[in-house]
Amino acid sequence: MTEKECASKNIITEGMRYVSEKEKIPAEKLVQNIIEGKTVILRNKAKNKFVGIGKDLSTKINASIGTSTNHINLEEEIIKAAVAEKSGADTLMELSVGGDLDLIRNEVLKNTSLPVGTVPLYQAFREAIDTYKNPVKMPGDLVLDVIEKQCEDGVSFMAIHSGLNLMSLERLKKQSYRYAGLVSKGGAYMIAWMIENNKENPLYERFGDVLKILKKYDTVLSLGNGLRAGATADSFDRAYMQELLINCELCDIARDYGVQTIVEGPGHIPIDEIEANVKIQKKMSGDAPFYVLGPLVTDVAAGYDHISSAVGGALSSSFGADFLCYVTPAEHLGLPSAEDVEIGVKSAKIAAHIGDMVKLKKTGDDLNISKARRDIDWGSQFKYSIDPEYSRTVFKSKNEDDAAGCSMCGEFCAPLRVKKYFRHEIKYGKKS
Ligand code: SF4
């Protein structure tokens with residue numbers, strides 16, 4: 001049975017118990033959210049590790065790794081998987097498109113305890129290219145075989161582009177313009193496939209069969225966003241909205257069938273549209289967990305897109321998005337290195353935390369670090385920071401071992417002055 005079916009029968013699973021304790025949410029509330037499709041539980045099947053995503057839970061972050069056709073190095077991908085986990089990612093997407101995809105996926109699965117996600121279309125098109133020298137020659141059934149194979153291997157969640165059907169293609173054609181065209185790899189290949197074969201997307205046409213496979217393995221369905229905007233100027237266009245509408249309809253069908261489901265969002269989006277983006281998705285999908293890819297709030301930050309994405313991710317989370325896909329400094333420029341992965345994960349973690357300060361009123365660590373700064377208690381400042389190891393290293397590299405303040409202001413350190421002259425006159429906070 002899937003977590004959703006168990007919840008419907010009021011069976012408390014190991015995953016529900018774990019998420020309830022970790023996130024300090026009463027089990028009954030969590031179960032109700034799962035029944036209503038507002039929360040999903042992902043499981044790394046081999047290591048039996050769980051991650052809850054959705055209503056009343058902290059915002060989670062995903063790190064995507066994987067080879068390209070230009071750069072294939074299994075060892076590097078395994079290192080990136082380890083770096084992502086160590087840096088605090090909650091899930092990992094293995095998105096390889098070059099090399100032996102079965103081998104890479106299975107080695108990554110062996111080397112991480114995070115729930116792993118995939119985009120099955122990548123492998124289906126890869127195999128079509130290898131076999132027929134042409135992705136549009138992909139037999140429609142192949143993608144279902146790939147889904148089953150990846151489920152068997154232990155993949156926890158899959159981005160499946162079922163919402164990209166002939167209706168959304170028609171909408172895209174009618175719209176007839178886009179500044180940045182299409183930026184989803186799976187989406188672009190699927191559109192080419194539909195046009196060349198003059199057929200419906202098999203992931204839409206055979207959505208019932210897709211669900212049967214996912215249900216058998218309790219693999220979480222993440223309804224992919226193949227028409228997401230790749231430019232802020234393209235955000236919220238009619239083609240995107242059409243696909244979102246279809247994804248929300250499919251989300252209802254999947255949840256009624258007992259499959260845990262997430263809906264994906266953009267992409268590139270101006271900052272003033274983020275609130276509407278989250279609220280529209282939440283309303284149309286019946287509060288399904290919302291997975292945003294970034295989002296990037298400007299198109300000009302190449303080399304710094306992790307910052308653009310952190311701004312978009314923080315706002316999205318504050319308005320209710322549940323799951324952020326990280327963006328690394330290499331976005332739009334090249335395949336990320338292990339160092340890029342680390343920076344991307346930490347940037348997304350900060351974004352998720354900022355969002356949770358508003359969404360869940362999670363301000364405890366901020367309060368603790370503020371008091372530690374007041375008291376110039378360096379140990380606590382490191383402890384409550386988002387990256388204790390890094391903040392300690394920076395401090396040590398810039399200060400003497402017995403430093404009271406730090407080299408930023410030297411003897412002009414305000415908290416030191418306050419400590420010396422005003423200790424008894426100033427009331428520190430409300431409770432301490
Ligand atoms: S020297 Fe300046 S930056 Fe450093 S602890 Fe004091 S006030 Fe803060």
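I count two strands as paired if DSSP finds at least two bridges between them. Helices (H or I, at least four residues) and strands (E, at least two) are DSSP runs, numbered from the N terminus.

I note that this is a predicted model: local features need pLDDT of at least 70, side-chain atom pairs count only at pLDDT 80 or more, and totals for chains, interfaces and linings use all residues. Numbering starts from 1 along each chain as its sequence is written.

**Hairpin.** I looked up β1 (residues 39–44) and found 6 bridges to β2, with the two strands antiparallel. L42 has V51 in β2 as its bridge partner. The two strands form a hairpin with 4 residues between them. In that turn, N48 has a positive phi of about 55 degrees.

Is β2 mostly covered or mostly open? I find 5 of the 6 residues in β2 (residues 49–54) buried (20 or more other C-beta atoms within 10 Å of a residue's own, with C-beta atoms placed from the backbone).

**Whole chain.** I get 19 helices and 10 strands. The radius of gyration, over C-alpha atoms, is 23 Å, close to the 22 Å of the globule rule for 432 residues (2.2 Å times the number of residues to the power 0.38), so the chain is as compact as a globular protein of that length. Buried residues make up 47% of the chain.

Methods
Buried ≥ 20, exposed ≤ 12 C-beta atoms within 10 Å, placed from the backbone.
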